[in-house]
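The exercises below ask you to read a protein model step by step. Try each task with the sequence and the 3D view open before you turn to its solution.

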Amino acid sequence: MSDTENTTSTLIVKDQPTTSPASTITLATRKPRSGRGLLPSRSPKFIVGAILVLAIVLFAIIAPMFSQDPRSTDNPALQPPSAEHWLGTTKLGNDMFAQLAIGAQGSLLVGLVAGGIAIVLSLVFGVLAGYLGGWREDGLALLTNVMIVIPGLPLVMVIASFVPQRSWQLVAFVLGITSWAGAAYVLRLQTRSLRTRDYVYAAKVAGERSFRVILVEIMPNLLPLLTAQFLFAIIFAILGEAGLSYLGLGPNSSITWGTILNDAQSGQALGRGAWWWFVPPGVMIAILGAGLALINFAIDEVINPKLRNAPDAARRLRKAAKTKGVTA
């Protein structure tokens, strides 16, 4: 062998990497990255939605401190907005600003409680069914499918009509137990996909208990989906309570935005031209729903890679079209 061939062989050996590549098992059992990739912090939808929701929450917390008793009838009836009554008064002389502030608390509590109940039931019937498999999955899936077939809002109306005294807690409970099936179905399919991942198999082989595998290995990958389902459940509960209250089936011992709309309808606010009686609660419901929907859309972009990469792809297409036009 010549000296030139020896020198070339030595250079080739030196250029080779000194560390061995990761094995196939290491790559297969590696968990997905978590952290900043799960948070839509730079999304304009998330920022605008968070501002809207935070504004509503702050209004519900701070405004009742600076308003009068929402049930007080000492004020003149059907007064338009003025310096003394910022949003006017109702037929009974109730201050609309005070009612709107207390109604914000009631509607938010109904949404949070109903959303919490719905997401807990979704975890039980979705994540457990998807992870356990076998006859246990079939049994839980059967109950989920039955609840999906049963129409939610008519069932809530039937239940509410049989209860003469309805508190906001009861309405939230009824809305929660009738709105979990769709989220449970989605979570079950996603959990069935995750349970076949190699890092889940590795945790099982290592002797980890099922509860810890679900909590540590599966749940972190479901957090964006759980958040999206929770926000959707809150929106459904707030709109459902408003619809029930408008029909006279909502809470009759609490003030919510829905009960304000019901009072305005029964008091013929539209015919009397008292727009300040029904417009403010409708606008607040719309703002809160829009804020939660924007946050939900931002989370969908994190969950769905196609939605996440769509803006970049559109920018690349516009840039390519612009470059082609300049070149031509």
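**Exercise 1. A residue between two helices**

In which loop is the place of Gln268? Find this place, then describe the backbone angle and the exposure of Gln268.

*Solution.* Before starting, note that this is a predicted model, in which local features need pLDDT of at least 70 and side-chain atom pairs count only at pLDDT 80 or more, while totals for chains, interfaces and linings use all residues. Residues are numbered from 1 along each chain as its sequence is written, and side-chain values use heavy atoms, with hydrogens and water left out.

Step 1: Gln268 lies in the loop between α11 and α12, where helices are DSSP runs of H or I with at least four residues, strands are runs of E with at least two, and both are numbered from the N terminus.

Step 2: Gln268 is not a glycine, yet its phi is positive, at about 55°. Most residues other than glycine have a negative phi.

Step 3: Gln268 counts as exposed because its relative accessibility is 53%; buried means under 20% relative accessible area, exposed over 50%, and partly exposed in between, with a 1.4 Å probe and protein chains only.

**Exercise 2. Another positive phi**

*Solution.* Step 1: Leu78 belongs to the loop between α3 and α4.

**Exercise 3. The chain as a whole**

How many helices and strands are there in the chain, and what share of its residues counts as buried?

*Solution.* Step 1: the chain has 14 helices and zero strands. Step 2: of its 328 residues, 38% count as buried. Step 3: take the contacts (heavy atoms within 4.5 Å) between residues at least 6 apart in sequence; 72% of these join residues at least 24 apart.

**Exercise 4. A covered helix**

Is helix α11 mostly covered or mostly uncovered, and what covers its buried residues?

*Solution.* Step 1: α11 runs over residues 257–266 and is mostly covered, with seven of its ten residues buried. Step 2: these buried residues are Trp257, Gly258, Thr259, Ile260, Leu261, Asn262 and Ala264. Step 3: their cover includes α3 (44–62), α4 (96–132), α10 (210–246), α12 (269–272) and α13 (275–303).

**Exercise 5. Nonpolar cores**

Which residues touch the most other members of the largest nonpolar core?

*Solution.* Step 1: a nonpolar core is a set of buried Ala, Val, Leu, Ile, Met, Phe, Trp, Tyr and Cys residues joined through side-chain atoms within 4.5 Å. In soluble globular proteins, nonpolar side chains tend to be buried together.

Step 1: the largest core has 32 residues, and those touching the most other members are Phe59, Trp257, Trp277, Leu288 and Leu292. At least two residues of this core come from each of α3, α4, α10, α11 and α13, and the largest share, eight residues, comes from α13.

Step 2: leaving aside residues up to four places away in sequence, Leu288 touches Val53, Ile56, Leu108, Ile238 and Trp257. A second, separate core of 15 residues includes Val127, Ala203, Val213 and Leu225.

**Exercise 6. A buried arginine**

Is Arg188 buried or exposed, and which residues does it touch?

*Solution.* Step 1: Arg188 sits in helix α8 (residues 181–194). Step 2: Arg188 counts as buried because its relative accessibility is 8%. Step 3: not counting residues up to four places away in sequence, Arg188 touches Phe125, Gly126, Ala129, Gly130, Glu137, Ala141 and Asn145.

**Exercise 7. A cavity and its lining**

Which residues line the largest cavity, and how do they divide by class?

*Solution.* Step 1: on a 1 Å grid over the protein atoms alone, a cavity is a set of points where a 1.4 Å probe fits but cannot get out, and its lining residues have an atom within 4 Å of a point.

Step 1: the lining consists of Val156, Ile159, Ala160, Arg166, Leu170, Val171, Val174 and Leu244. Helices α6 (152–161) and α7 (168–177) each supply at least two of the lining residues.

Step 2: by class, the lining has seven nonpolar, no polar and one charged residues, where Ala, Val, Leu, Ile, Met, Phe, Trp, Tyr, Cys and Pro count as nonpolar, Asp, Glu, Lys and Arg as charged, and the others, Gly among them, as polar.

Conventions:
1 Å grid on protein atoms, 1.4 Å probe; cavity = no way out; pocket = protein on both sides within 12 Å on 5 of 7 lines; lining within 4 Å.
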